Amino acid sequence: MTERNLICIACPRGCAIKVTLDDNKEVVNIEGATCKNGEEYARNEVTHPMRNLTSTIKVTGGIANVAPVRTNGDIPKELLFDAMKVINQASVAAPVHVGDVVIENILNTGIDVIATNEIA
Amino acid sequence: MVYDIAIIGAGVVGSLTARALSKYNLNVILIEKSSDVAMGTSKANSGIVHAGFDAMNGTLKAKLNVKGCAMMEDVCSTLFVPYEKNGSLVVAFTDQEMKHIEELYQRGLGNGVPDMEIIDAAKLKELEPNISDEAKGALWAKSAGIVSPYELAIGAAECACGNGVELRRNFTVDAITYENDEFTIKCVCGCEVKAKFVINSAGLGAADIAKKFDGEEFEIIGRLGEYGLLDRSCEGMATRTIFQCPNEMGKGVLVTPTCHHNILVGPSAINVDDGAETSVRVGALREIFATAGKSVPIVSTRDMITSFAGIRAHSTTDDFIIQFATANDHFLNLIGIESPGLASSPAIAEYVEDMVLSVIGKPETNPNYNPSRKQPIIFRELSMEEKEAVIAKDPAYARIICRCETITEGEIRAAIKAPAGAIDVDGVKRRTRAGMGRCQGGFCGSKVLEILSEELGKPLNEMTKFGGESKIIYERTK
Amino acid sequence: MSKILNYDLVVVGGGPAGMAAALSAKDNGIPEENIIILERSDRLGGILEQCIHSGFGATYFGEMMSGPEYAQRFIDLVNETKIVVETDTMVLNLTDDNQVICSNKEDGIYAINAKAIVLAMGCRERPRGALDIAGSRPAGVMSAGAAQKYVNIDGYMPGHKVVILGSGDIGLIMARRMTLEGAKVECVCEVMPYSGGLQRNIVQCLEDFDIPLYLSCTVVEVHGKDRVTGVTIANVDEKMLPIAGTERYIECDTLLLSVGLIPENELSRQINLEMDPITRGPKVNEMRETSKRGVFACGNVLQVHDLVDFVTQESQIAGKGAAQYIKGASEPKYVTCKGINGVRYTVPQRIDINNQEEVKIYFRVANVYKDKRVVVTCGGKELWNRKKLKLAPGEMENVFIKPEDLAQMNEGDEIVVSIEEA
């Protein structure tokens, strides 16, 4: 049995969570999470950590050089920099609207990259 | 083209000299190694127009200081430069120091300083309620004042350039040669300027330039002065310039209002190499404020909005050296122009003008000479009716860029477009005060960058803080 | 003044606070066309526009979104109404008789007579000058927020090798942001023995990227002539003075400062509002009304918040308060609120005992505390008592006062929030 102490990042509350794993690295207990998202975070964090990625994407023909974007779900933490490469090579034509999918299924994660602001 | 006169160094002295010579039909070039005027000692000093009691009787310093102090009010009002005749106090804390200020008083009389008075502790407290209770008395010099030093240089350069003087920036003198009655001044970049007469007013670099020309050596010590500037909310902590008794390193730590309603505390006085960087030393401000606290106990680093350091060129002769090169009366050296160099600057410019004319003869006057410059619009100081009128002419004055100091887009554009106008962020800051306030450019910095980039027609990421490699942002992220 | 307008409510600032206050005033019965929002930027949204990271809205909307998305929800709501919005408009002055003097390129200078004013100007970052950092003054020293604007809005890199001073949330967020954009963030230095940012940001912005956080450590000197070439950092003692011998040089081209936020109260001072020296915002009652009747304040101009969700809630209160005032409010009878034993301040600072609703009192603590109790008393009577596993200066806390408790108080009584042993 091993224990891992985590600070939950699922919301700004930052709960302290204790996860207990058995010898097969299976989660046997989660303590301190105050919501379902927290429990899910803790389970993922000790098995396959996931992160939300936010960045900007190049805009052509708009009033701004870049538009802010984010993944519309969490992606594996180890893919963050690869995902940045994909985003950095992409561009989108103005006008851009909140929620526009600018990259579909990034790195085959099943997660899209969406615009998060209006760029005229 | 061969210029009639090349002035090396666009500090306050070089710029005022350029203005003085722009009265005549002469081709004058003002050469500056930095990206802007007033980037050396003229930028970072106390901004004090000393009354003139410090220098020993009979010295050039004494003569030019008293004269310059008397000229300053008129020069500043002509050039629309902030100036205030607020008077100065040298505060004594011991009987010994009371004797010292009596000496200064007598010296002042000898130098011809007007309106001095020795006052007792009660009168001092009445004048300056925040003065230390330990103070025994003070020498009050009513003719002393405060001036915005870099704006004086900018105003003078703008006036000179309006009268036809050429300003060449980013020109670092590498070598000067003299052949066939012509000087060739070479820049480190390879380009050169030819002139028939050279005025070396390169401030801290003047001794080096003199040496580069004919090998003549002047002993100059770089003296670092560090300062802390307090927020405008401290206005009134001191209304006159408050000195402590001078010592062998200078006039000591002062507390003074500035023309822009801040309080300035400093300087330290540390001997450094003349090539030294103008860095504030670790722990220096704590020392300076501790010393300043002796005269005005309420000053505190808590109210500080910025700190800075300047280096002044101290001559071991303890006097200004304004003389022709030993073997060439067309090469005029100005060496060791330290405090009271700013106070003396209008008088130095006149003195140099006379010396130049004594050699080249009196040229024709410039029929288009204007002793002034276009009056800068200072939006925050206008009445409501004036503001409406200014905006009606140019809506850019309705857009506030710097919130702390209430500086408009119109003022920033005007500062860039003016003769000898700003070409970088700090240049805009010195001319308009955008970024001088309590947020120190946190909000307006990027907007100033955008306006500069538009006006100069160059990409955003080529804009600099103060020329050279001082770029503020790098490549595009995407 | 050639142009004078009349509005029931003038909201100064079109960020999350201003928008929520305006919408709440409308919901509380002020005709929407009689409400105007003045915003100095070219669009609504305030600082959220550049906060492109995720983490907004968890409390208020129950979902996680980025700053611009959170702002857009409110921009859309405002746009659905007839609330008047003036962007690119700066308020120059407030007068004692509730006149707002403003200026923009289209209309020049004009005045607005307001029945009530909501101040929602937000806050600004503390600059370098206040810090006593020695050294030269090269390019490459900037606030984390300025860097955030360059990267996220303008699309330019402000540096490649970065040291961050201050572990406030903006500093932590920018450590991750610069790293993702290809910069090397050498370290984050924090002069206090604890971080001023949210725990989750230390995890996801620093630990995820192996960026070291040095506590009780500061930047003592900046090096470089034109652009920053490095900084000297040193450990500090309990008085926060550098310890000799602990100095080390770190090569970098950029120093980002995230050393605190200061409410932007120039306008508040113009009309001599009573200020709280700790929050550096105006003192307010439970409806966020300042010491001047009819003038309200909310959001970061009142107190620096960690979460925009709370800004929204607070601003809705201010908007409601302004609406009630415009419709005619009774004279308040105040009890005061104060913090002791490690509670640095409370907002509100006073409460009208006629108030009929539960009042939420926000506060911050002075230090990191573990296993303590937050206790609220009035005249010796205990009103609230909750155990807290952890309290930290970086995280805003709150307690509630029930209307039935208020009803039993007398004008001039004092509500005291304190930290006690568990």
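This is a predicted model: local features need pLDDT of at least 70, side-chain atom pairs count only at pLDDT 80 or more; totals for chains, interfaces and linings use all residues.
As for the geometry, helix H2 of chain B covers residues 60-79 and helix H8 of chain B covers residues 341-360, and the two pack with their axes 6 Å apart. The angle between them is about 100°. Angles of 65 to 115 degrees count as roughly perpendicular, and H2(B) and H8(B) are therefore roughly perpendicular to each other.

Chain B has another helix pair to look at. Helix H10 (residues 409-417) and helix H11 (residues 425-432) of chain B have axes that come within 9 Å and cross at roughly 110°. That angle makes H10(B) roughly perpendicular to H11(B), and the crossing of H10(B) and H11(B) is right-handed. Here B:Glu411, B:Ile412, B:Ala415 and B:Ile416 of H10(B) meet B:Val428, B:Arg431 and B:Thr432 of H11(B). The class count for the contact of H10(B) with H11(B) is 4 nonpolar, 1 polar and 2 charged residues.

Zooming out to the whole of chain B, its secondary structure comes to 12 helices and 24 strands. The radius of gyration of chain B is 22 Å, close to the 23 Å that the globule rule gives for 478 residues, so chain B is as compact as a globular protein of that length. Along its principal axes, the C-alpha trace of chain B spans about 65 × 60 × 45 Å.

Taken along the principal axes, the box filled by the C-alpha atoms of chain C is roughly 65 × 60 × 40 Å.

Chain A, in turn, is divided into domain 1 (2-47) and domain 2 (54-115). The centres of these two domains of chain A, taken over C-alpha atoms, are separated by 29 Å.

Now for how the chains meet. Where chain B touches chain C, the contact takes 44 residues from chain B and 40 residues from chain C. On the chain B side, at least two residues each are supplied by helix H7 (284-295), strand S20 (304-315), helix H9 (384-393) and helix H12 (445-456). The residues on that side of chain B divide into 19 nonpolar, 14 polar and 11 charged.

Chain C also touches chain A, and this contact takes 22 residues from chain C and 22 residues from chain A. Strand S3 (54-56), helix H2 (67-79), helix H3 (144-154) and helix H5 (199-206) of chain C are the elements that give two or more residues to the chain C side. H5(C) gives the largest share of that side, with 4 residues. By class, the side of chain C that touches chain A has 8 nonpolar, 9 polar and 5 charged residues.

Finally, a few backbone details deserve a look. Most residues other than glycine have a negative phi, and most peptide bonds are trans. In chain A, a cis peptide bond joins A:Ala94 and A:Pro95, with omega about 0°. A:Pro95 sits in the loop between strand S8 (91-93) and strand S9 (101-103) of chain A. In chain B, the peptide bond from B:Gly266 to B:Pro267 is cis, and its omega is near -5°. B:Pro267 belongs to the loop between strand S18 (263-266) and strand S19 (270-272) of chain B. Then there is B:Asp181, which is not a glycine but has a positive phi of about 60°. The loop that holds B:Asp181 runs between strand S11 (173-179) and strand S12 (182-187) of chain B.

Technical notes:
Residues are numbered from 1 along each chain as its sequence is written. Chains are lettered from A and ligands numbered from 1 in the order in which they are written. Two residues are in contact if their C-beta atoms, placed from the backbone, lie within 7 Å. Ala, Val, Leu, Ile, Met, Phe, Trp, Tyr, Cys and Pro count as nonpolar, Asp, Glu, Lys and Arg as charged, and the others, Gly among them, as polar. Axes are lines fitted to C-alpha atoms, for helices over the stretch in contact, and angles run from 0 to 180 degrees between N-to-C directions. Angles under 35 degrees count as roughly parallel, over 145 as roughly antiparallel, 65 to 115 as roughly perpendicular and the rest as oblique. A crossing is left-handed if the near helix is turned anticlockwise from the far one by less than a right angle, and right-handed if clockwise. Domain bounds come from an automatic or database domain assignment. The radius of gyration is taken over C-alpha atoms; the globule rule is 2.2 Å times the number of residues to the power 0.38.
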